[in-house]
Each structure stands twice: as structure tokens, then as C-alpha cells.
Amino acid sequence: MGAAPQVQPLEFYRPNYHVKTPAMRSPDYIQMSTAAAITLGLVPGKMHRTSCTNCLNLLVTYPEGCRANCAYCGLARHREEARDYADRNFIRVDWPTVRYDEVIARVKAGGDRGQFQRMCISMITHPNSNDDTFVLLGKWVRELPEIPVSILSNPTTLEKADLVRLKEMGAEIFTVALDAVTPEIFDRTRGSGVDSPHKWEKYWQAIEWAAEVFGPERFGAHLICVMGETEREILDVAQKIRDLGGHNHMFAFFPERGSLMEDWPACDRGQWRRVQLARFIIDYFGGRFEDMLFDDAGRVIDFGIPEDDLEALLDSGKPFRTSGCPGKDDTEVSA
Ligand code: SF4
């Protein structure tokens, strides 16, 4: 193992972290979430009610950007008007571009800034995304084997052998951002409806491969609430994922600035809370979609568990926390 690269002073990044040159591409560079960049001291800022994020979210990066065109995504191809790919927001926040060696050095330096319980590599739709993910994963497992890695995959470019390789290289959890929960909504928001390459069948194929290759509790699906589906439809899918052995990572739709859906309304709060609660019951409480009752508009009117249990769950607050891959202390709460 070579000497750890020197940790650069914060000032090195401040003037230009958001200006991306053609050489700033994976695997030498990655983008990271604003929360991770704050935690590592790469950008100034404070996080509400906490000093750090426990999950280091990394994103492969290329100046030419993602080649898909998902209607709700700030990284989509239709956003080529953005001055620079690195200027495009993703899930509402900026994603600074940083040298991967620098990230590893800062995490190794530890202290309050290095206490990550998980690292996640997010792939995008790009010809190099598979190969670079292998390189990033391999380096992480060699340098920081104590911090488990999740892969947020891009099924469009992956084959089953790639999942096997990721698992053999040390990836712990594999996730699929299905996002849209019916074939029609999927095609309209991520497929042929927006001149984007993704296919509903391939995404489900990847979920089934993940169940087989990674096994129960080691894979998951991202679902976005609401993109035109009913509560019944999204929870039906959540139950299917659970029955395969996976977990559901639920996200509330928010109209991303500059996306094709920027003028859509944000997810209705009542709908979001009901779906969060029902997904927690399905994922962690042994409840079932079939025991839930829905009204004519597909809204949950009965969660299918005893009233006392429902009250206890509500009091715990757990169903309403961010859902994702687990941290090290509580598998029901994401890192
Ligand atoms: S593949 Fe992912 S990063 Fe690319 S446009 Fe779709 S949601 Fe965004």
C-alpha cells in the first residue's frame, strides 16, 4: 500500500470546486454529496441537528455527463444548457467534484470527519461508468475495508456477471433506482417518452439478479413517491421487493430545478407520510400490503396492523426517517 496522499487545505477547493475541467473525470475524480463534503471539511457549512453524515455518497463523474434523460433528474442529458456538468444539481443539492485520493485520505485521517458507517458509489449512464465503479470499489476495499460499500447501480449498462464481480470484489449491498413504480410512468419519465435508454424490464431483471447474487437483506430498490402513481401502486411494488428479500428506499418527489418535471407539484405531505409508514410496516414490521385497505383513489385507509402497534410505531418516529442502506447500529435506520 503506498503512502497516503497529503490532505489538501480547505482553501485549495474553495475557489473552484464547482468549475470542472475535461480532466476531472472518474476514476481519478468523483462528485460527493454536499453533506459528505461538509462532513469531510471540503466545503463550509453546518448540518441541521447533527455534526456529520454517516454515509459517504459518491457519484462517478464525467464532464460530458449522464447520457440518460430522466425527466425528474438534475443530471439528465437535456440539461446540457447548464454551464458545466458539475453545476447541475442532483437531489436538490450541489455535488462538489473532488480527487478520489483526497477523499480516501480525509476519511483515513478520521476524527469527527471520518466516522462514516457506509460508503455508496452511485453510477450514472455513461460508457465508462461500469469500469470506473470497479476501480473505485477495488481501491476503497483495499484502503478502507472496515467501511462497507453499497452500489447504487445503473442497470441499463450492467449484466449479471457485473453484479457477480461487484460482490466478489467486496460490495456489500446492491441497489436499483427503479424510481417509477409502473411500466407506464417508468417509460414516460425515464424511457422512450423522454428519449432515454432505460427499460422497465431491465430494471426488474437487475433487481432479480441482485436478489440472487447479493441475497436477502443485501439489496434494495429506490422508489419515488409521487410521480403519478397511487399509494396502492407504490406499496404493491414495495411488497414485491420485500418478498424478494430486499428493502425499499423511499424518496419524496421534489421538482428539481431545471428538470423536465420542474413545474410538477412536490409530493403531497399526507400521501408521503402514509406511504412512509406503510413501507416501514412492510419492510420491518412484518405487515403485508394485502392486509392494508385502500379507498377508491388508492389511498391507505387501514395499515393492516393492530391500533396499539400503529401508535407505538408512530411514537418511535422510525418510519419517517430517511430510508436507505443500514448504518452499523440499527438495521432499521439508514446510515
Ligand atoms: S440515469 Fe440517473 S443520473 Fe442519469 S438522468 Fe437518470 S436518474 Fe439522472
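Is F294 buried or exposed, given its relative accessibility? At 14% relative accessibility, F294 counts as buried, where buried means under 20% relative accessible area, exposed means over 50%, and partly exposed covers the values in between (1.4 Å probe, protein chains only). The structure is a predicted model, in which local features need pLDDT of at least 70 and side-chain atom pairs count only at pLDDT 80 or more, while totals for chains, interfaces and linings use all residues. Residues are numbered from 1 along each chain as its sequence is written, and side-chain values use heavy atoms, with hydrogens and water left out.

The protein chain contains nine helices and ten strands; helices (H or I, at least four residues) and strands (E, at least two) are DSSP runs, numbered from the N terminus. Of the 335 residues of this chain, 55% count as buried. Among the contacts in the chain with a separation of 6 or more, 73% come from residues 24 or more positions apart, contact being defined as heavy atoms within 4.5 Å.

Eight strands form an open sheet with mixed pairing, in the order β3-β1-β2-β4-β5-β6-β7-β8, two strands being paired if DSSP finds at least two bridges between them. Strands β3 (97-99) and β8 (247-252) stand at the edges with a single partner strand each, so one side of each is left without a neighbour in the sheet. From one strand to the next, the twist averages 30 degrees; axes are lines fitted to C-alpha atoms, for helices over the stretch in contact, and angles run from 0 to 180 degrees between N-to-C directions. Strand β1 (residues 29-32) pairs with strand β2 (residues 55-60) in the antiparallel sense, over three bridges, and Q31 has L59 in β2 as its bridge partner.

Strand β7 is largely enclosed by the rest of the structure, because seven of its seven residues are buried. The residues F219, A221, L223 and C225 point one way from β7, while G220, H222 and I224 point the other way, and all are buried. Strands β6 and β7 run parallel and are joined by five bridges, with V176 having A221 in β7 as its bridge partner. On pairing with β8, β7 again shows the parallel sense, over six bridges, and L223 stands opposite M250 in β8.

Most residues other than glycine have a negative phi, and most peptide bonds are trans. The peptide bond joining C225 and V226 is cis, with omega about 15 degrees, and V226 is placed in the loop between β7 and α7. Another cis bond leads from S26 to P27, with omega near 10 degrees, and P27 belongs to the segment before β1. Residue D179, in strand β6, has a positive phi near 65 degrees and is buried, with a relative accessible area of 9%. Residue D195 has a positive phi near 55 degrees, lies in the loop between α5 (183-190) and α6 (200-213), and is exposed, with a relative accessible area of 57%.

A search of the whole structure finds seven aromatic pairs; rings of Phe, Tyr and Trp (its six-membered ring) pair if their centres lie within 6.5 Å, and planes under 30 degrees apart count as stacked, over 60 as edge-to-face and the rest as tilted. The rings of F280 and Y284 form a tilted pair, because their centres are 5.3 Å apart and their planes stand at 45 degrees. These residues, F280 and Y284, are four residues apart in helix α8 (residues 269-284), which means that about one helical turn separates them. The rings of F289 and F294 are also tilted, because their centres lie 5.4 Å apart with their planes at 45 degrees; F289 counts as buried at 12% relative accessibility. Ring pairs additionally link F186, W200, Y203 and W204 into a cluster.

The ligand is surrounded by C66, A68, C70, C73, L75, A76, I124, T125, R190 and H198, a residue being near a molecule if one of its heavy atoms lies within 4 Å of it. By class, this shell has seven nonpolar, two polar and one charged residues, where Ala, Val, Leu, Ile, Met, Phe, Trp, Tyr, Cys and Pro count as nonpolar, Asp, Glu, Lys and Arg as charged, and the others, Gly among them, as polar.
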